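Hi,

Here's the structure I promised to pass on. Have a look, then read on for what turned up.

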Amino acid sequence: MKNFTVERNRIVSVIRDEGIKEKSVLDAMLKVPRHFFVPKDLEEYAYDNRALPIGYSQTISQPYIVAFMTQEAQLNYNSRVLEIGTGSGYQTAILAEICKEVFTIEIIEQLSNNAFTLLKKLGYHNVHFKVGNGHDGWLTAAPFDAIIVTAKAESLPKTLLHQLVIGGRMIIPLQKTVDEQVLVKITKRTQSDDYSIEDLLDVRFVPMVDGNF
Ligand code: SAH
């Protein structure tokens with residue numbers, strides 16, 4: 001039986017060495033028990049720096065990628081953030097540690113329900129769950145300071161961009177060429193479709209269902 005606290009410290013020093021400097025992100029990673037978010041038979045790999053299957057052909061993202069996306073979203077205790085693709089709920093919990101309010105949408109009902117139950121058990125009260133297609137965002141809760149999309153989209157999601165505050169950031173994996181995906185950061189500069197787009201990292205995410213915006 002592994003000592004999960006030791007394991008968690010180890011993976012956090014790995015991602016720190018890989019360039020994650022933001023203290024709130026490192027603190028959140030030290031705190032959230034990733035082994036609760038993976039299937040029981042994969043528990044021993046929970047603190048490896050890699051994605052793992054969580055059923056329904058979906059994966060829990062690699063710890064470094066979760067940390068990187070969170071850091072790039074530039075969040076603080078006043079932030080309201082939207083996550084598309086709840087999955088295991090691990091990224092959701094990291095966001096809940098840092099932000100004021102987290103809104104998370106998942107298209108697979110069972111994954112959403114599992115994440116809801118686990119996050120309640122872990123004591124998070126600042127997370128709102130919705131089952132549905134993330135394309136539409138969450139109009140009644142918009143605008144958001146940041147939007148994190150954890151499944152790959154085919155094109156820029158205009159509907160979601162409209163739900164950002166001015167100065168808001170969206171972190172999203174986009175298909176670049178047939179076999180290339182890139183994680184991009186989009187910053188909304190004005191109300192009228194003026195965005196800056198920055199390529200961050202080559203990545204490999206599961207596709208967004210119905211991912212054509
Ligand atoms: N953040 C999650 C990543 C899960 S993988 C984690 O670390 O556990 C991506 C998730 O996006 C999957 O659970 C998948 O079901 C979900 N997804 C795919 N297309 C979606 C869509 N159109 N709307 C909402 N969720 C979607």
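Below are some notes on one helix and the sheet.

A quick caveat: this is a predicted model, where local features need pLDDT of at least 70 and side-chain atom pairs count only at pLDDT 80 or more, while totals for chains, interfaces and linings use all residues. Residues are numbered from 1 along each chain as its sequence is written, and side-chain values use heavy atoms, with hydrogens and water left out.

Helices (H or I, at least four residues) and strands (E, at least two) are DSSP runs, numbered from the N terminus. Buried means under 20% relative accessible area and exposed over 50%, with partly exposed in between (1.4 Å probe, protein chains only).

Helix 5 covers residues 109–121. Its buried residues are Leu-111, Ser-112, Ala-115, Leu-118 and Leu-119. They sit on the same side of helix 5 because they span an arc of only 135° around the axis (taken from the directions from the helix axis to the C-beta atoms). Glu-109, Thr-117 and Lys-121 are exposed on the face turned away from that buried side. After helix 5 comes Gly-123, with a positive phi near 90°.

Now the sheet: it is open, with seven strands in the order 5-4-3-6-7-8-9 and mixed pairing (two strands pair if DSSP finds at least two bridges between them). Strand 5 and strand 9 (194–202) are at the edges with a single partner strand each, so one side of each has no neighbour in the sheet. Strand 6 (residues 144–149) and strand 7 (residues 164–177) run parallel, joined by four bridges. Ile-148 stands opposite Ile-171 in strand 7.

Cheers

Technical notes:
The expected span of a helix is 1.5 Å times one less than its number of residues.
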